[in-house]
Amino acid sequence: MLTFERHPARSRPIVTHPLPSSAGSRLAPIGPALLAAFSFACADVLSKVTLRAGGDVLTVSTVRGFLGVAVMFLWLRLVTRPDALDARARWISLALGAVFAGNIYLLFMAFDLIEVPIAILTYFVYPLLTGLVAAVAGLDKITWRGATAALAAFLGLALMIGAHPTDLAAVGIIAALGAACCRTLLLLVTRASLQGADARMITWYSLVSSSVLLAVAMLATADWQPPASVGGWVALIALSVAVTTGIVGVFASTGRIGPFRTALFMNLEPVLTAIGSALFLGEVITPLQALGGAVMVAALAAFQLRR
């Protein structure tokens, strides 16, 4: 911000000295949320890079899981010391790892089969599903404005998917929707059964058990197909770090601005993913698909605000 004063001999203002800008202080509270959205978007794009380099879905999911376990272990040991979970919460968190494994596997399958922007936008129906199912189950309430926003979001999704149906693999869309259902189940069980438990420890136990389950599946099917290039391995390591960075960003943001506003900022992820996919993957969606995606993201934000 600049201050001005009148020169005695002239009527126009002159600059005396700059004052420190408050932009940094305004951005500080939302910085972790922006970091989380950007990190998850980077992970989405890097996932496709890894798969294009020859890695298959199960192998990439498993390796990403164990690399994520290593990074999060270091974070929990060196940066933060959360409260331990009681036995009940620990077992529920470990059981949720099975759902989390399905979430990761199906999302990577969607990335492998269809364009990343379409996959991530389809996946982002999970906040709508969570709110609607929670309302039916009596865990939450939804207003008519929220219901209208949900309907608009689903219409936007239908427009995006139906714009060029022959160009999209139906299995990829189904996989993205399946991943969204897994994420919905994770959120609902956490809300219903793990109220008050430290989210960092819930994530830790779920990440460990999901990685073990994916490894067992990989060994049982003798499915070991890692990236065939150095670039693919670099992308795999980078996406693992990006995912963990995003998780840390979500936790930090929740502590600063609360879970509701953090969830709103997470709507930036599909937008940033679409931009990154166009720049680095050459996956450009059509104008009609972009319109459907824009309607969906806007309606999703409205749903979170109005429900």
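Mentor: A quick term before we look: an axis is a line fitted to C-alpha atoms, for helices over the stretch in contact, and angles run from 0 to 180 degrees between N-to-C directions. This is a predicted model, in which local features need pLDDT of at least 70, side-chain atom pairs count only at pLDDT 80 or more, and totals for chains, interfaces and linings use all residues. Residues are numbered from 1 along each chain as its sequence is written, and side-chain values use heavy atoms, with hydrogens and water left out.

Trainee: OK, at what angle do helix α6 and helix α8 pack?
Mentor: About 50°, with 9 Å between the axes of α6 (residues 126-137) and α8 (residues 170-193). That makes α6 and α8 oblique to each other, since under 35 degrees is roughly parallel, over 145 roughly antiparallel, 65 to 115 roughly perpendicular and the rest oblique.

Trainee: Which residues of α6 and α8 meet?
Mentor: From α6 you have Tyr126, Leu129, Thr130, Val133 and Ala134. Facing them in α8 are Ala180, Cys181, Arg183, Thr184, Leu187 and Leu188. Contact here means heavy atoms within 4.5 Å.

Trainee: Let me zoom out. How many helices and strands does the protein chain have?
Mentor: The count is 12 helices and 2 strands. Helices (H or I, at least four residues) and strands (E, at least two) are DSSP runs, numbered from the N terminus. Going along the sequence, the pattern reads β-β-α-α-α-α-α-α-α-α-α-α-α-α.

Trainee: And what share of the residues is buried?
Mentor: Buried residues are 44% of the chain's 307. Buried is under 20% relative accessible area, exposed over 50%, and partly exposed in between (1.4 Å probe, protein chains only). Also, among contacts with a separation of 6 or more, 87% join residues 24 or more positions apart.

Trainee: What is the mean pLDDT of the chain?
Mentor: The mean is 86, and 88% of the residues reach 70 or more; pLDDT is the predictor's confidence in each residue, from 0 to 100. Residues 1-21 are below 50, and this stretch has 20 contacts in the model beyond near neighbours in sequence. Where pLDDT is low, the predicted coordinates should not be read in detail.

Trainee: Good to know. Back to helix pairs: how do the axes of α3 and α9 cross?
Mentor: At roughly 150°, and the axes of α3 (residues 57-78) and α9 (residues 199-220) come within 9 Å. The two are therefore roughly antiparallel to each other.

Trainee: I've clicked on Ser209. Is that one buried or exposed?
Mentor: Ser209 has 11% relative accessibility, so it counts as buried. It sits in helix α9, and beyond neighbours within four places in sequence, Ser209 touches Ser93, Leu94 and Gly97.

Trainee: What about Val49, which helix is it in?
Mentor: Val49 is in α2, which spans residues 31-52, and it is partly exposed at 29% relative accessible area. Aside from neighbours within four places in sequence, Val49 contacts Ala235 and Leu281. Val49 and Ala235 lie 186 residues apart in sequence, but 6.5 Å apart in space, C-alpha to C-alpha.

Trainee: Last one! Which residues of α4 and α5 meet?
Mentor: α4 brings Asn103, Leu107, Ala110 and Phe111, while α5 brings Val116, Ala119, Ile120 and Tyr123. The axes of α4 (residues 87-113) and α5 (residues 116-123) come within 8 Å and cross at roughly 145°.
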